[in-house]
Structure formats: structure tokens, C-alpha cells
Amino acid sequence: MAVRFKVVQQEKTCRARLGVLHTGHGMVETPVFMPVGTQATVKTMTPEEVKELGGRIILSNTYHLYLRPGHELIREAGGLHRFMNWSGPILTDSGGFQVFSLGPLRKITEEGVVFRSHIDGSEHFFSPEKAMEVQADLGSDIAMAFDECAPYPSSREYTLAALDRTTRWAVRCLAVHRREGQGVFGIVQGGMFPDLREKSARELVDLDFPGYAIGGLSVGEPKELMYEMLDHTVAFLPQEKPRYLMGVGSPDCLVEGVVRGVDMFDCVLPTRIARNGSVFTKRGKLVVRNAEYARDFSPLDPDCDCYTCRNYTRAYVRHLIKAGEVLGIRLTTIHNIRFVLNLMEEIKEAIRRGVLLEFRNNFLKTYQDV
């Protein structure tokens, strides 16, 4: 099997667990956060820097790489690992979320989705078969099945239709997947309807994927509703296979997701807010570009061990960002990626010691999500 997973320790007080994910490009301890390299780069970071920060597996985006520079070119270069000089595991999403988020620029049929490029308006067609072809050319370790992600809010009728189509497309993905050394994960849909979540999970488990993603959450719904759907969905996923919550990366949600049994996460949030002059701290998000930090000569987060916090002040980072200097967003990105990856290490240690719920409660006492 291209992707293997083993649970090595189960938390007794909740669904959290420690695991090991084995891929053709190395082993990853879970729970894990995957920095996002949308266009074959974690923005402003070299692959070596991502590794130094603690990154072990990254995510890249099929939709964006298909449009630019093209999957054939990446195949010609020897695959995504060689193209971007990343030696560790890579997960590629199917492009489904990006295609469906195009709204009026796309048309859904049973065969697939016709859409127009957000870059130049050119028309393209994505199907389950095409998604598998592109991801095979990219050569990722984990490919995602092509799914239909219902927006929030959606009617029960629409959500059910999208769920059923996702299952049919999952069957088609498995039927054509031939890439040796690449595992395919199915994606559970069902919106905010518990019974539809169960239906989707059961149907995909019957298809025996090597791992399962939970899609259609963190799409605008209240966090408590997301946690409720997560609780309900995880209950129907296999204990012995990895569970991946797509598109979730705020620190509080990472902690709550692990408590509920999630093994893998990804999100553009850490790098996106870094480019907007905001950083994570143990007390919540800090907008360092704000005027109040112009004469603040303390680190971004006194509790952080990253390169930025060891060497620079809020005042200096703010100056760089206000001046439009690239170093400013490099420094905020370094901090945010390190903060999230270090949080995952702290979570793993709490599970090893059997004190995750205590860790969760203490973390949320000081972390203010604003």
C-alpha cells in the first residue's frame, strides 16, 4: 500500500490519538499540520526553511498547478518533489474546492465541471478522471478524490445531491487511479446535516480508501456547528485510518480538532494573515501593523522560539510591513508557521502524557480568537 497509517497511542479521555503516517517520501508523526504551498511554494519560504520550522509534509493545489505552469511541465521536470526541491511527503488536493468556489465561472454536470480560469478566462473541464490524471503527473504522495463541496448555507436537497455525486465521483477516481506509490483519500461531505454526514462516511468507508478527509467544514458556519459536525462524522470513520480535516488552521480549531480525533490539518490562514501583518500568539491574534506597536520593542510572542521572535521586535517588523519591505512578511510568515507547528508538537506531548483535555482548557483560557 502506498500510504500506511498506524495508531500508536489513544487518548483515554477523548478521541485524540498519536499516529504514524508512512509514505514513499518518509514518515510523518500525527497529529500534523501541513503548511500550504498552493503554487509549489510555501509563500516567502524556501523548502529548507519550512523543514527547519518543523514542517514534515506540505499541501499543494491541483487547480492552480494545472493552470500554471501545467501538470505536463511538472511531470517533465520529474514531478512536484523535484520541481520544487521538497524531499518530504506532499498531499495534493483535487482542485474541487477551488473549482466550486468559482461560482458563476463554472457549470456542474454529472461528468464533471466546466469552468473558466481566474487567470485569463480560458475554458477548462475537470472530472474525476482528470483530477486523478493531473495528480498522477504531479506525483504527490497523497491525492484527493474529486468531490463537490456544498457551500454554506445549502438546502438539504442540494447537499444530498452534492453528497451523492461525490460518492459516484469517488468510485470513478478509484477506477482510474494507477499512480504507483500514491494513495487516494476520499472526502466526506454532507454539509450541516448529521444524517447526511453519516451517509457520506459510510459510503466512502465501503470503498476502502487508505484515508479519509472531512470536507465542507470551516466554510462560514459557526465554530460550534463545525465541532458538532466533526464529532458526528469522526464516529463513522475507521479507527485504523488517518482522518484529515480540510482547510482548518486557526490555533483553537486545531486543538479542538485533535480532541475530536483528527490526525491531519491544512490551511492557508497562517501564511495569509502573515502577509496582512498579523501573527498568532499564545494570547490570540496580534495585528502587528497597527500603530500601537510602533514603539513596542518586545518580540511578537515572548513565548515563541522562532527566528523572528529571537531576533526582532514588534516595532521593527511593523516598520518593515508599513514600508512594504518583503522581509516583513517573511518574518511574520516564519513566526506563524513555527507557532502552528510548535502547537502541534505541544499537542502531541500532551497526548503522550495523557493530559490533552487539561492542555486544551489551559490553552483556551489565554487564547482569544478575534
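**Names and cut-offs**

Mentor: We can begin with the largest cavity, which holds about 70 Å³ of space. This is a predicted model, where local features need pLDDT of at least 70 and side-chain atom pairs count only at pLDDT 80 or more, while totals for chains, interfaces and linings use all residues. Residues are numbered from 1 along each chain as its sequence is written, and side-chain values use heavy atoms, with hydrogens and water left out.

Trainee: What makes that space a cavity, and which residues line the largest cavity?

Mentor: On a 1 Å grid over the protein atoms alone, a 1.4 Å probe fits at a cavity's points but cannot get out, whereas a pocket is an open set with protein on both sides within 12 Å along at least five of seven lines. The largest cavity is lined by Lys282, Asp301, Asp303, Cys304, Phe339, Asn342, Leu343 and Glu346, and lining means having an atom within 4 Å of a point. The structure holds two cavities of 30 Å³ or more.

Trainee: How many residues line the largest pocket, and which are closest to its centre?

Mentor: The largest pocket holds about 720 Å³ of space, and of the 32 residues lining it, Phe97, Gln98, Gly247, Asp266 and Val268 are the closest to its centre. Two or more lining residues come from each of strand 5, helix 5 (96-100), strand 14 (264-267) and helix 11 (269-275), with helix 11 giving the largest share, four residues.

Trainee: Why are strand 4 and strand 5 called edge strands of the sheet?

Mentor: The open sheet has eight strands in the order 4-14-13-12-11-10-6-5, with parallel pairing. Strand 4 (32-35) and strand 5 (58-61) each have a single partner strand, so one side of each lacks a neighbour in the sheet. The twist averages 25° from one strand to the next.

Trainee: How do you know that strand 5 and strand 6 are paired?

Mentor: Pairing requires at least two bridges found by DSSP, and strand 5 and strand 6 (residues 90-93) have four, in the parallel sense, so they meet the criterion. The bridge partner of Leu59 in strand 6 is Leu91.

Trainee: What joins strand 7 to strand 8, and in which sense do they pair?

Mentor: A hairpin joins strand 7 (residues 106-108) to strand 8 through four residues, and the two strands pair in the antiparallel sense over three bridges, with Ile108 standing opposite Val113. Strand 8 (residues 113-116) also runs antiparallel to strand 9 (residues 123-126), joined by four bridges, and Arg116 stands opposite Glu123 there. In the hairpin of strand 8 and strand 9, with six residues between the strands, Gly121 takes a positive phi near 80°.

Trainee: What makes a set of residues a nonpolar core, and which residues have the most contacts inside the largest one?

Mentor: Such a core is a set of buried (under 20% relative accessible area, 1.4 Å probe, protein chains only) Ala, Val, Leu, Ile, Met, Phe, Trp, Tyr and Cys residues joined through side-chain atoms within 4.5 Å. The largest has 88 residues, and those with the most contacts inside it are Phe265, Ile347 and Leu356. Helix 14 (residues 326-352) gives the most to this core, with eleven residues. Another core, of 18 residues, lies apart from it and includes Ile57, Leu59, Ile187 and Ala213.

Notes:
Axes are lines fitted to C-alpha atoms, for helices over the stretch in contact, and angles run from 0 to 180 degrees between N-to-C directions. Buried means under 20% relative accessible area, exposed over 50%, partly exposed in between (1.4 Å probe, protein chains only). Grid points are joined across faces, edges and corners, and a volume is the space filled by probe spheres set on the points.
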